[in-house]
Amino acid sequence: MSEKQLDKQGCAGCGAALQSDSKDKPGYVPASAKGGEAVICQRCFRIRNYNDAVSVSMDHDEFLRLLGGIASTDSLVVHIVDLFDFEGSLISGLQRFVGNNPVLLVVNKIDLLPKGTNYNRIRNWVQRQAKAQGLRTVDIVLCSAKKGMGFERVVEAVEELRGRRDVYVVGATNVGKSTLINRLISDYSDLDRELTVSRFPGTTLDEIRIPLDDGKAIVDTPGIVYRSRLTELVPRGVLGALLPDKPIKPLVYQLDAGQTLFFGSLIRFDYAAGANLSFTLYTANAMKVHRTKLERADDLYAQHKGELLAPPSREELETMPAWTRHSLRIPKGSESDVFVSGLGWIRVNGTSGAQIEVYAPKGVKVLVREALI
């Protein structure tokens with residue numbers, strides 16, 4: 001394949017412009033790669049076949065430039081968010097990027113919720129949260145792209161709302177955009193290709209247009225990388241402990257004031273003041289939680305971080321930002337979660353109020369919110 005041919009093609013997996021000059025830049029393919037309809041770059045090949053990704057990145061301003069172009073189009077915007085990391089995956093200020101185009105909010109990964117969850121209540125909760133964030137939506141659909149739950153409703157909503165317009169699919173990294181679009185491709189397009197799907201952040205690297213039968217297109221945009229999500233800061237080997245792949249089995253801890261929970265050596269949760277309370281942990285089943293007394297917490301962490309308190313390992317921990325302390329007050333009479341972006345959330349059971357201190361890597365979003373469940 002000549003350089004000219006490479007320049008005109010985009011990777012069928014991630015959208016990056018194909019090139020054969022630099023292995024550490026997006027879109028690399030060997031110069032001997034053959035032309036065709038569905039050429040994929042070496043990075044996508046490694047993700048698909050070896051679950052391994054070479055580190056490549058796109059400038060954050062470039063992400064925003066791509067998003068900002070949507071306002072000048074006449075499109076339906078499908079914003080996909082991860083219910084497990086709702087506040088971390090909702091695109092901040094999306095309304096100003098999309099202009100007057102209608103927004104369909106698709107809430108993915110509902111298969112991770114505990115069995116017996118009331119989905120109507122979840123949908124109402126999402127509606128309130130989106131409104132509070134200034135996002136105007138024409139509809140909200142709950143689904144699981146991985147399991148196919150609610151997917152027919154997503155397709156119906158897209159058909160009902162798009163008219164004869166393009167469909168822009170937007171979202172943060174790792175929310176399931178490519179998985180969802182691959183299902184749309186298989187149902188509504190003759191295109192013989194799939195987008196690259198992986199658990200690695202930032203898999204889609206440029207805008208990808210998938211033609212539809214009526215001459216319009218589904219446009220997959222790169223995921224925005226938010227450094228306020230724990231999943232963006234940890235070494236890749238730690239993602240397996242953070243990203244659930246099965247329904248969450250909530251853990252309940254009865255705590256007195258003056259007790260601490262460690263989530264590996266990633267997050268520290270101190271119950272600083274309040275009456276005896278129970279706390280329900282909604283985190284990946286693989287996450288290891290260790291309880292101790294607050295007075296012993298500093299010494300325990302110093303001696304056992306990266307070992308008893310793992311993941312990550314001591315070596316991996318050195319690559320991460322230092323902790324920042326967040327002082328959180330749980331008001332009396334409220335039903336609240338303590339949310340940590342990328343980890344999950346801790347439900348405060350009871351309405352007596354509490355004072356909580358959370359230690360998280362600098363920049364990670366930590367907040368108190370209305371209880372989801």
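The model is predicted: local features need pLDDT of at least 70, side-chain atom pairs count only at pLDDT 80 or more, and totals for chains, interfaces and linings use all residues. Residues are numbered from 1 along each chain as its sequence is written, and side-chain values use heavy atoms, with hydrogens and water left out.

**Entry: the sheet**

I traced an open sheet of five strands in the order β7-β10-β14-β13-β16, with antiparallel pairing. Its edge strands are β7 (251-255) and β16 (366-370), each of which pairs on one side only. From one strand to the next, the twist averages 25 degrees (axes are lines fitted to C-alpha atoms, for helices over the stretch in contact, and angles run from 0 to 180 degrees between N-to-C directions). Strands and helices here are DSSP runs numbered from the N terminus: E of at least two residues for strands, H or I of at least four for helices. Two strands pair if DSSP finds at least two bridges between them.

I then examined β10 (residues 277-283) and β14 (residues 344-349), which pair in the antiparallel sense over six bridges. Phenylalanine 279 stands opposite valine 348 in β14.

**Entry: aromatic pairs**

Rings of Phe, Tyr and Trp (its six-membered ring) pair if their centres lie within 6.5 Å; planes under 30 degrees apart count as stacked, over 60 as edge-to-face and the rest as tilted.

How far apart are the ring centres of tyrosine 282 and tryptophan 345? They lie 5.1 Å apart with planes at 15 degrees, so the pair is stacked. Tyrosine 282 is in strand β10 and tryptophan 345 in strand β14, so the pair ties together parts 63 residues apart in sequence. I noted tyrosine 282 as buried, at 8% relative accessibility.

For tryptophan 323 and tyrosine 359, I found ring centres 5.9 Å apart and planes at 45 degrees, so this pair is tilted. Tryptophan 323 belongs to strand β12 (residues 323-330) and tyrosine 359 to strand β15 (residues 354-361), so the pair ties together parts that are 36 residues apart in sequence. Tryptophan 323 is partly exposed at 24% relative accessible area, whereas tyrosine 359 is buried at 18%. Ring pairs link Phe262, Tyr301, Trp323 and Tyr359 into a cluster.

**Entry: charges over rings**

I applied the criterion that NZ of Lys or CZ of Arg is within 6 Å of the ring centre and within 35 degrees of the ring normal. The charged end of arginine 268 sits over the ring of tyrosine 359, 4.6 Å from its centre. Arginine 369 lies over the face of tryptophan 345, 5.0 Å from the ring centre.

**Entry: two loop residues**

I located aspartate 245 in the loop between α10 (239-242) and β7. Aspartate 245 is partly exposed, at 43% relative accessible area. Leaving aside neighbours within four places in sequence, aspartate 245 is in contact with Leu112 and Lys146 (contact means heavy atoms within 4.5 Å). Lysine 146 is 99 residues from aspartate 245 in sequence and 9.6 Å away in space, C-alpha to C-alpha.

I placed arginine 165 in the loop between α7 (151-162) and β4 (166-171). With neighbours within four places in sequence left aside, arginine 165 is in contact with Asp74, Ser75, Leu76, Pro102 and Lys216.

Technical notes: Buried means under 20% relative accessible area, exposed over 50%, partly exposed in between (1.4 Å probe, protein chains only).
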